[in-house]
Amino acid sequence: MEKLVKIIVSGLDNAGKTSILTALDKKYDFHKDIISLTPTIRVEYHTTYFLNQKVIFWDCGGQSQYRELYEKKQDIYFDGTDLMLFIIDIQDKERYETSLEYLDMILQHFNRNKMDVPLIISFHKFDPEIRTNGVYIEEIESIRENILKKYSNFKVLFQQTSIYDLISIVQLVSYGLSVFDDKFFDLSELLENYIYEFNCKSLILFDRNGIIISEFYNSEIEPEYYVELLESIKEHLFLLKRMQQESYEAENNLITNGSGLLSYLHRIKIGEESLFISVIIQEKYKDPFMEKFSEFLIEIRDILTPILA
Ligand SMILES: Nc1nc2c(ncn2[C@@H]2O[C@H](COP(=O)(O)OP(=O)(O)OP(=O)(O)O)[C@@H](O)[C@H]2O)c(=O)[nH]1
Ligand SMILES: [Mg+2]
């Protein structure tokens, strides 16, 4: 039986909801499409698959007339929600209040109906150039604390995102989707063990759409590797698209870049599903890594097979 997952994406107009979903769909070359976006009229539906689950994103246009409509017809819009992504434009200071009032309207509906909906709240437009700006960091922290205090009965995760940081967008959705199955916990434990076995910088499992199923990063990533690490992961997102094409025969791809890092992408097939393992590692650890990799593949298959069955 196919499971249907309903994800509500809400937040004020101009917050960046449709941009996030467009970036997620396209993965590359999405900037052109985002420039030409117009405000969403009522609700637009985006469908994707996460492993064997069909996921429908309800992109709820945030202009005031639509917010009023959702408030009047709460059951039509919010019932059956499995997860809510709430997007706050961190650069739109004047409207933090309005944004939080909108959040409150929805959460009160969930409360009245005893709906235990997990939430992901994203501080969006946290662009690379403002990341070190103390003012934004303080604002984020204070909004976060208030939300946690006020809605302690909800399971809330926070994220900072920007369309100029594709990984942050991929992570936003990945966290959300993995709340649906406890087996993801075993997976993350396995990755944590192997990150130290391999001595690698990052170990990520992507589904065929480039959504992160599970990921682990080495706790000691030297600053000089950081930018390159993110670049290599981004390249893996493009590469896995190419590896899906008929003409791409190889099951793996190994690239050495100048600075001594190796990036390795490996496709595994389980039933009908293709999944991708991405490893970024220093060149000097390559041989022991290659020796242990087949053992890792066996273990990861053992965990994934029942999830996909
Ligand atoms: N600086 C910056 N701008 C962004 C980012 N994400 C989206 N934008 C811009 O924000 C504007 C609004 O984006 P939309 O995605 O249309 O906003 P929306 O939340 O869907 O708005 P409604 O459909 O009216 O609810 C666009 O001009 C985007 O280019 C971001 O991460 N950083
Ligand atoms: Mg929109």
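Start with helix α10, which lies across β10 and β11 and runs at about 35° to β10. Helices here are DSSP runs of H or I with at least four residues, strands are runs of E with at least two, and both are numbered from the N terminus. Contact means that the C-beta atoms of two residues, placed from the backbone, lie within 7 Å. Angles run from 0 to 180 degrees between N-to-C directions, with axes as lines fitted to C-alpha atoms, for helices over the stretch in contact.

A word on what you are looking at. This is a predicted model, in which local features need pLDDT of at least 70 and side-chain atom pairs count only at pLDDT 80 or more, while totals for chains, interfaces and linings use all residues. Residues are numbered from 1 along each chain as its sequence is written, and chains are lettered from A and ligands numbered from 1 in the order in which they are written.

Five strands form an open sheet in the order β8-β7-β11-β10-β9, and the pairing is antiparallel. Two strands count as paired if DSSP finds at least two bridges between them. The edges are β8 (212-217) and β9, each with a single partner strand, so one side of each has no neighbour in the sheet. On average, neighbouring strands here are turned by 10° against each other, direction ignored. Helix α9, residues 223-243, also packs on this sheet, where it touches β7 (202-207), β9, β10 and β11, and its direction makes about 35° with that of β10.

Now the pairings. Strand β10, residues 261-270, and strand β11, residues 273-282, are antiparallel over 10 bridges. Within that pairing, Ile268 stands opposite Leu275, and Lys269 has Ser274 as its bridge partner. The two strands form a hairpin with 2 residues between them, and Gly271 in the turn has a positive phi of about 60°.

On the α8 side the contact includes Leu187, Leu190 and Phe198, and on the α10 side it includes Phe289, Phe296 and Ile300. By class, this contact has 10 nonpolar, no polar and 5 charged residues. For the classes, Ala, Val, Leu, Ile, Met, Phe, Trp, Tyr, Cys and Pro are nonpolar, Asp, Glu, Lys and Arg are charged, and the others, Gly among them, are polar.

Next, the other sheet. Six strands form an open sheet in the order β2-β3-β1-β4-β5-β6, with mixed pairing. Here β2 and β6 (156-160) are the edge strands, each with a single partner, so one side of each is left without a neighbour in the sheet. The twist averages 20° from one strand to the next.

Strand β1, residues 4-10, is parallel to β3, residues 53-60, over 6 bridges, with Leu4 bridged to Lys54. Strand β1 also pairs in the parallel sense with β4, residues 83-89, over 4 bridges, and Ile7 stands opposite Leu83. Strand β2, residues 43-50, pairs with β3 in the antiparallel sense over 8 bridges, where Tyr49 is opposite Lys54. In the hairpin of β2 and β3, with 2 residues between the strands, Leu51 takes a positive phi near 50°.

Helix α6 lies across β5 (119-124) and β6, at about 170° to β6. Glu141 is found in α6, residues 134-150. Is Glu141 buried or exposed? Glu141 is exposed, because 11 other C-beta atoms lie within 10 Å; 12 or fewer is exposed, 20 or more is buried, and in between is partly exposed, with C-beta atoms placed from the backbone.

Last, the ligand. Of the 20 residues around ligand 1, Gly16, Thr18, Ser19, Thr40 and Gly62 come nearest; a residue is near if its C-beta atom, placed from the backbone, lies within 6 Å. Helix α1, residues 17-26, gives the largest share of this shell, 3 residues. The shell has 5 nonpolar, 11 polar and 4 charged residues.
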